[in-house]
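Hi,

Here is the structure I promised to pass on. Have a look at it first, and my notes follow below.

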Amino acid sequence: MKSVWKALFLLIFLCMAACVDEDVDRGNVALRIGDYERAIANFSKALDEDPGHRDARYGLALAYYAVAEEREMLKSSTYELWERTVEEFEILSRVDSSQSINGNYSNSLFYLARATLAKDEKANIMSLLEHSIALDSLNFFSLNLKGLILDNRGQVEDARKLFVYILAKEPKFASAYVNLGNTYWDEGDVESAWDIWSMGHEALPQDRVLSYWTKVAEDSLKAMVHSGRL
């Protein structure tokens, strides 16, 4: 009799495992074709049966990430979506200790930090950015936003070090040129600001912001020469 019950339990377990795998497969298909609502539904169904299923958890995190990105493109409010995405990646990090998820996890933290600022410009998002950078030391978007925050706090030299670090690693990261130049412009150091912006303009001649600020600095330098201040 015991062997019958044992066989029955084994059969039930195998059926459940097969159902979970089917839900995950359907979720992956939906995710691949951009049917994110159905992907979320299938991955969630799989996790109801097996909360520790790595592929289902990763699929759910990616589905929320994709929905949040779509909302970003539409300029819609994304705070709740990025918050949920980060929650899923946080849970996933306890299931999957490999570094394969770090890039997307780091990006989702950056987007949550930005959405948090959009919701409350006085919010302290530094811990989100620090976590993002810890996961991916080359997440230039998080490094750049951290630099802006440090600059706003009056920690100008620390901010400059971050912008310089970004440009040393990625010489075509336009925002770092703009922001580094701004730190000098705000101090009235027009020459240094022009040096940075013109360097950025040379690296990225099609960037309108760098083109604009290079011209502004040029005109300011000419005015200073004509007035005898330089």
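What do the buried residues of H6 pack against? They pack against helix H5 (102–119) and H7, where contact means heavy atoms within 4.5 Å. Helices here are DSSP runs (H or I, at least four residues), numbered from the N terminus.

Before the rest, some ground rules. This is a predicted model, in which local features need pLDDT of at least 70 and side-chain atom pairs count only at pLDDT 80 or more, while totals for chains, interfaces and linings use all residues. Residues are numbered from 1 along each chain as its sequence is written, and side-chain values use heavy atoms, with hydrogens and water left out.

The buried residues of H6 are Met126, Leu129, Ser132, Ile133 and Leu135 (buried means under 20% relative accessible area, with a 1.4 Å probe and protein chains only).

Now the helix pair. The axes of H6 (residues 126–135) and H7 (residues 140–152) come within 9 Å and cross at roughly 145°; axes are lines fitted to C-alpha atoms over the stretch in contact, and angles run from 0 to 180 degrees between N-to-C directions. On the H6 side, Met126, Leu129, Glu130, Ser132 and Ile133 make the contact, and on the H7 side Ser142, Leu143, Leu145, Lys146, Ile149 and Leu150 do.

Elsewhere, Tyr64 sits in helix H3 (residues 54–73) and is buried, at a relative accessible area of 12%. Beyond its neighbours within four places in sequence, Tyr64 touches Ile40, Leu81, Arg84, Thr85 and Glu88. Its C-alpha atom is 30 Å from that of Leu150, 86 residues away along the chain.

Best wishes

Technical notes: Helices (H or I, at least four residues) and strands (E, at least two) are DSSP runs, numbered from the N terminus. Buried means under 20% relative accessible area, exposed over 50%, partly exposed in between (1.4 Å probe, protein chains only).
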